[in-house]
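User: I'm new to this one and would like a close look at a single part of it. Could you walk me through the charged pairs and what surrounds them?

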Amino acid sequence: TGGNADEWPGLGGGIFNGINNSITVKSCYFTKNTSSYGGGGIFNGNPDLSSSTTSSGTITVIDSNFINNRSEAGSAIVANKSFDAIINNSKFIGNHSNIALLFVETPVNVYNSYFEGNSGYFNGGALSASGSPLVIISNSFFINNSASIAGGAIEFNSVEFAEISNSVFIGNSGSYINSSVVLIAVSNSVLTNCTFDGNGASDLVNLQSSPAIRNSIIPAGIMNLPAGDYFEREFGESFPVIAYSNISGCGTSAVDWNPYCGTDLGNNIDADPMFVGVGDHPLMLSAGSPSIDAGDNDFVDGILTDILGNPRIINGTVDMGAYEFGGNITKIHYFTGWSTPHIHYNNGIEWTTVPRTLMTTDGTWAEITVGWTGANLQFVFNNGEGVWDNPSGGGDYTTTAPEIWVKDGVVHTNFPD
């Protein structure tokens, strides 16, 4: 908390981890750290940003929170020419710089993470990857992030392969090109079962990038910038390929398809997705949505759950978007003094891996919303370090209620006294 790197080289306000060193950060909290140049929370890799030397070190961040950190670049994390970067089950909220997470020529894997209210004064308010050979993002939320140029949530620039799946984008914006995600000169990219809404003029902007878009819901449409000079570089055209998706402005496959959007590979629609519009997950599908059972199962081969943990296929055919219709959800409030409370639960298919999901906590009450199917939701809590909380009398907690409060080993359906 409150670390700073104001003197040369101005890197790593919370942690500086130099070239060829690996670091694992688990169950940590970074807040109000600053650096004058890069990595307000953490800097990892080659400190000489102009050098072509690649570090053999890796950075792994698990079950950690980065809140209100500041820097010239990468307010939460910078990984420069690192061997690998893995972010899992972590939260990034209210960080400010060029970008919250900046990865330069570094393979990136982001899983089960949450980005909200991060801002930058260039591209990619929450996350930017430049020159990376591989970027994978799955089961993650991007909410109300902003950038002064484009890509309020994400910018990929000169990335060889990028994949985003089972992820949600709400209210992200760019001031110059008002969009949530911007792909710049990305050689190969895939968007699968993603849901967008409220992200400005366009949800996705492509500049010399031709993503494969599958099973996704994009209400504000896509923008394919024409070939030309942008950011003092010359770029070619974009040719997305689109299948089994609901995209505003693109029309219906084989009926009134708009070729501006890209190549129609079939089963695309242009219709109101009928989001529920309320609650903690307003982009869930309501009954009667044309996006229910409208995806292609082949695109989710190996993906077992949706973003909430419900089975990825419930009624025989996968839905479009990040949420599968037909499952149950329960909002859980847990009374605890643990700084890193986790929930381990059975989603109707199998028990999650230990310790599983980090809950959001204010120091007294932790909360999370989980999806499940079957007769009831079974769950237990732990602190991420092997200490468990089971109900009074042992066994597992169970519930069928949409919202519960758990205190002193007892499940309540109303706020306990």
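This is a predicted model: local features need pLDDT of at least 70, side-chain atom pairs count only at pLDDT 80 or more; totals for chains, interfaces and linings use all residues.

Analyst: Asp280 is partly exposed, because its relative accessible area is 47%, which falls between the 20% and 50% cut-offs.

Now for its partner. Asp280 forms a salt bridge with Lys331, and the closest N and O atoms of the two are 2.9 Å apart. The pair links distant parts of the chain: Lys331 sits in strand β38, which covers residues 328–335, while Asp280 belongs to the loop between β37 (263–264) and β38, with 51 residues separating the two. Lys331 counts as buried, since its relative accessibility is 18% and buried means under 20%.

The side chains of Lys331 and Glu367 meet in a salt bridge, at 3.9 Å from N to O. Here Lys331 in strand β38 pairs with Glu367 in strand β42 (residues 365–372), so the contact ties together parts that are 36 residues apart in sequence. Glu367 is partly exposed, its relative accessible area being 34%.

Let's step back for a moment. Searching the whole structure turns up 3 salt bridges. One of them pairs Glu324 with Arg312, whose closest N and O atoms are 2.7 Å apart. Both residues lie in the loop between β37 and β38, so this pair ties together parts 12 residues apart in sequence. Glu324 is buried, at a relative accessible area of 3%, and Arg312 counts as buried as well, at 1% relative accessibility.

What about links through sulfur? The structure holds 1 disulfide. It is formed by Cys250 and Cys261, with their sulfur atoms 2.1 Å apart. The link of Cys250 and Cys261 is left-handed, with -100 degrees about the S-S bond. Cys250 and Cys261 both lie in the loop between β36 (246–247) and β37, so the pair ties together parts that are 11 residues apart in sequence. Both of these cysteines, Cys250 and Cys261, are buried.

Cys194 is another cysteine to look at. Its sulfur is 15 Å from the closest cysteine sulfur, the one in Cys250, and that's too far for a bond. Cys194 is buried, with a relative accessible area of 0%. Cys28, on the other hand, counts as partly exposed, at 31% relative accessibility.

Definitions and conventions: Residues are numbered from 1 along each chain as its sequence is written. Side-chain values use heavy atoms; hydrogens and water are left out. A salt bridge is a side-chain nitrogen of Lys or Arg within 4 Å of a carboxyl oxygen of Asp or Glu. Helices (H or I, at least four residues) and strands (E, at least two) are DSSP runs, numbered from the N terminus. Buried means under 20% relative accessible area, exposed over 50%, partly exposed in between (1.4 Å probe, protein chains only). A disulfide is a pair of cysteine sulfur atoms within 2.5 Å.
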